[in-house]
Amino acid sequence: MNDSKISAASWRRRDVLRSILFTAGAATMPTWLTGCVGSSSSASTAAGAESGAAPLPPSGSADQLVGRFANIGPLQAPDVNGVRTPAGFSTRVVAINGELPQSGGMSVAAPQTGGIGNRPWHIFPDGAGAVPRPNGGWIYISNSEVPGVGTLGFTFPELADVSSTIEEFTPGLAQVGTLVFDPDGTIVDSYTILSGTTFNCAGCVTPWRTWLSCEEFPNGQVWECDPYQPGEGLACPTLGFFSHEAIAIDAGNRKLYLTEDMPDGRFYRWVPDPSDWPEGAERAALQAGRLQVLCVGGDGVAGALRGPQPIRWVDAQNPHEPQHQNRLPESSVFDGGEGVWYFQGIVYFATKGDDRIWAIDVEAQTIEVIYDRATAEAPNDILSGVDNLFVTEQGDVLVAEDGGDMQVVVILPDRTLKPLLQVTGQDASEIAGIAFSPDGRRMYFSSDRGGRNGLGGFTNGLGMIYEMTVPEGV
């Protein structure tokens, strides 16, 4: 079997710059990386500190869940921010690219002078999460999906080898930023927790309340960041080198699941060495383990459209090298892996190339498709451009659209679909970055290419963050 431990000699330019503090185990990691926050607290779950919430059962038990958003009404006319929501919901804009955040949110009419912190909000905000603060507030964490030289290999796979080589010697321009909220929703701070990386797409909040940020280019990797203070993060080369999209964590079984956003992408699992995540330990060091790739048996990927198919995992070939150069013929192809989410034994993930949502049962070791755009029938055919995922504690699968109708669509536990919101006037953008405040009353999302129109409204631009307030009783 192959071992995905990466020696220091194999690290590249960004590893040297970012990972000076690298050590082999959690006992010698910086104190913020040995946090003792459990994954079972309600605040942690609501804020996104687990990579998932209650599952949409792949078969048979949907009647056990109702869904938080099962009874919402139709979308109303756009509000002043250009967002359509059901009756009783409201929105505000909390960040706009190039502007300092304001304590009470951003003015619709025009940019304001002054602001919070000293970093204008970054461009192209993409994947996001939230962690609770000790005072009852929370921190919204946002990736910046700024492309770099290595991104050429994402857009044009035939250039992946040369672009990844050049990327090693070219400083990245992406970053990860934060918005710090007090319990009443006032924004009190904003700072950077990672910079110098490339095309940071999604990631996840860990059960120990750090942020994993994914670089989405053929030689990209994952960076672990402390969201509670400014910093630069640490590389996690053991998690592999590929076009990382998102991550989900099964803390109970001590495994990570990772998507790859390429037309010939794979679906991965990371199994830690016993010394990296000892049984009973509160966190993984994320520095030593095995990278594995999914193989679908039975009737294969096509058969998953009809029902659960058996799966197995094989160790990745040369895990310290870019995986597009090391495809295993027995591994299964997933066309454009996007969001992924885990909770209570189910791993959900999206693939944009075929507009599908998948469900893996980690105990039964099976996979099936729970939504397929090509075969969906009205009125449940409203979802397209599947991207980021978020699963609520009541079993709703929230799917953000990349393009499509610029909606967040809910797949309810009974597998019917409802639109939760729609951003209007920004057809060149995509929705991403879904996260909730600890009490679940405020939902955040980004329009990663939205911005001001100069006329007291919003249109296509370089990125902005919305907050949607959920009414009592929902």
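Predicted model: local features only at pLDDT ≥ 70, side-chain atom pairs only at ≥ 80, totals over all residues.

Reader: In what order do the five strands of the open sheet stand?
Author: The sheet is open and its pairing is antiparallel. Strand 1 (83–84) and strand 21 (386–391) stand at the edges with a single partner strand each, so one side of each has no neighbour in the sheet. The order is 1-24-23-22-21.

Reader: Which residue of strand 23 stands opposite Ala-400?
Author: Strand 22 covers residues 397–401 and strand 23 covers residues 407–411. They run antiparallel, joined by four bridges. Opposite Ala-400 stands Val-408.

Reader: Is Asn-388 buried or exposed?
Author: Asn-388 sits in strand 21. Its relative accessible area is 6%. The cut-off for buried is under 20%. Asn-388 is therefore buried.

Reader: Which backbone nitrogen lies 2.9 Å from a polar atom of the Asn-388 side chain?
Author: The Asn-388 side chain also has a polar contact of 2.9 Å with the side chain of Asp-387. Beyond four places in sequence, the contacts of Asn-388 include Glu-245, Ala-400 and Gly-433. The backbone nitrogen in question belongs to Gly-433.

Reader: How many of the eight residues of strand 5 are buried?
Author: Strand 5 spans residues 174–181 and is mostly covered. It pairs with strand 4 over six bridges and with strand 7 over four.

Reader: Which residue of strand 7 is the bridge partner of Val-176?
Author: Val-176 is in strand 5, where it is also the bridge partner of Asn-143. Strand 5 and strand 7 (residues 192–197) pair in the antiparallel sense. The partner in strand 7 is Leu-194.

Reader: Which residue in the turn between strand 5 and strand 6 has a positive phi?
Author: Two bridges join these antiparallel strands, and Phe-181 stands opposite Ile-187. The hairpin has five residues between its strands. The phi is about 90°, and the residue is Gly-185.

Reader: What accessible area do the residues of the nonpolar surface patch have together?
Author: The patch consists of Leu-152, Phe-156, Leu-159, Val-162 and Ile-166. Val-162 belongs to helix 4 (residues 160–167). Val-162 is partly exposed, at 47% relative accessible area. Together the patch residues have about 410 Å².

Definitions and conventions:
Residues numbered from 1 in each chain as written. Heavy atoms only, no water. Pairing = 2+ DSSP bridges. Patch = residues over 30% accessible without salt bridge, like charges linked within 9 Å, V, L, I, M, F, W, Y side chains within 5 Å. Areas by Shrake-Rupley, 256 points an atom, 1.4 Å probe, with all protein chains shown as cover. Salt bridge = Lys/Arg side-chain N within 4 Å of Asp/Glu carboxyl O. Buried < 20%, exposed > 50% of the residue type's maximum accessible area, 1.4 Å probe, protein only. Polar contact = N/O pair within 3.5 Å; in protein donor to acceptor, adjacent residues only side chain to side chain. Contact = heavy atoms within 4.5 Å.
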